[in-house]
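Here is a briefing on one model. Look over the sequence and the fold, then read the points below.

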Amino acid sequence: KTAYEIRPRDWSSDVCSSDLDVVTAARETPVIEAAKLMRKHHVGDLVVTEKVGGEDYPVGMLTDRDIVMEVLAQEVDPARLNVGDIMSTGLITVKQSEGVWRTIELMRAKGVRRIPVVDNDGALAGIVAADDLIALLADELGALAKLFAREQKREAAVRR
């Protein structure tokens with residue numbers, strides 16, 4: 001087991017963007033509106049959600065690549081399409097309670113760079129991107145590197 005799997009704190013609150021930061025759209029959202037949302041919020045993806053009891057539940061993802069591959073490259077009129085027509089289905093999510101290592105494993109196995117984070121009921125809690133995880137791991141490796149420097153200073157002080 002790695003330290004990430006047994007980490008006692010809720011890592012997702014430190015790493016993932018909260019549900020307030022996740023840009024979402026319904027299946028019925030026109031593709032052109034979805035593209036405008038991406039541009040407005042400077043994101044490359046939208047989490048497609050359905051409202052159930054006042055909560056958003058993720059049902060798919062729409063990426064800028066989906067728009068390019070399914071609309072532009074196919075020369076389809078985007079005004080005729082909704083998000084649900086071209087979104088990626090078979091959505092992969094990770095629970096807030098799962099660790100960094102499990103999240104990385106899922107992302108690698110499924111070939112995705114972003115993954116919605118859900119609570120225990122499956123409602124959207126946030127999103128985590130590969131670059132979020134890289135930043136976290138870089139911070140932790142930096143802290144580990146400081147340990148070596150501190151150990152050297154301690155040893156030098158003791159051995160004088």
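## Pockets, sheet and cores

Helix H3 gives the most to the lining of the largest pocket, with three residues. Helices (H or I, at least four residues) and strands (E, at least two) are DSSP runs, numbered from the N terminus. This is a predicted model, in which local features need pLDDT of at least 70 and side-chain atom pairs count only at pLDDT 80 or more, while totals for chains, interfaces and linings use all residues. Residues are numbered from 1 along each chain as its sequence is written, and side-chain values use heavy atoms, with hydrogens and water left out.

**Largest pocket**

- The largest pocket holds about 360 Å³ of space.
- Of its 16 lining residues, Thr63, Gly111, Val112, Arg113 and Arg114 are the closest to the centre.
- A pocket here is an open set of points on a 1 Å grid over the protein atoms alone, where a 1.4 Å probe fits, with protein on both sides within 12 Å along at least five of seven lines; lining residues have an atom within 4 Å of a point.
- Grid points are joined across faces, edges and corners, and a volume is the space filled by probe spheres set on the points.
- At least two lining residues come from each of strand E4 (55-63), helix H3 (64-72) and strand E6 (114-118).
- By class, the lining of the largest pocket has five nonpolar, five polar and six charged residues.
- Ala, Val, Leu, Ile, Met, Phe, Trp, Tyr, Cys and Pro count as nonpolar, Asp, Glu, Lys and Arg as charged, and the others, Gly among them, as polar.

**Second largest pocket**

- About 250 Å³ of space lies in the second largest pocket.
- Its lining has 14 residues, and Val43, Asp45, Arg114, Ile127 and Ala129 are the closest to its centre.
- Strand E7 (124-129) and helix H6 (130-159) are the elements that give two or more residues to this lining.
- E7 supplies the largest share, three residues.
- The lining of the second largest pocket divides into six nonpolar, three polar and five charged residues.

**Sheet**

- Three strands make an open sheet in the order E2-E3-E4, with mixed pairing.
- Strand E2 (24-25) and E4 are the edge strands; each has a single partner strand, so one side of each has no neighbour in the sheet.
- Two strands pair if DSSP finds at least two bridges between them.
- E2 and E3 are parallel and share two bridges, and Thr24 stands opposite Val47 in E3.
- E3 and E4 run antiparallel, joined by eight bridges, and Asp45 stands opposite Thr63 in E4.
- Two residues separate E3 and E4 in their hairpin, where Gly53 in the turn has a positive phi of about 60°.

**Thr49**

- Thr49 lies in strand E3 (residues 45-52).
- Thr49 is buried, with a relative accessible area of 8%.
- Buried means under 20% relative accessible area, exposed over 50%, and partly exposed in between (1.4 Å probe, protein chains only).
- Beyond four places in sequence, the contacts of Thr49 include Thr24, Ala25, Tyr57 and Leu124.
- Contact means heavy atoms within 4.5 Å.

**Nonpolar cores**

- The largest nonpolar core has 14 residues, of which Val31, Leu46, Leu62, Ile67, Val83 and Ile86 touch the most other members.
- Helix H2 (31-41), E3, H3 and helix H4 (83-86) each give two or more residues to this core.
- H2 gives the largest share of this core, three residues.
- Apart from this core lies another, of ten residues, among them Val100, Met107, Ile115 and Val117.
- A nonpolar core is a set of buried Ala, Val, Leu, Ile, Met, Phe, Trp, Tyr and Cys residues joined through side-chain atoms within 4.5 Å.

- Leaving out residues up to four places away in sequence, Ile86 touches Val31, Leu62, Asp66, Ile67, Glu70, Val71 and Leu81.
- Glu70 is in helix H3 and is partly exposed, with a relative accessible area of 42%.
- The C-alpha atoms of Glu70 and Met87 are 9.3 Å apart, with the two residues 17 apart along the chain.
- Val76 sits in the loop between H3 and H4 and is partly exposed, with a relative accessible area of 27%.
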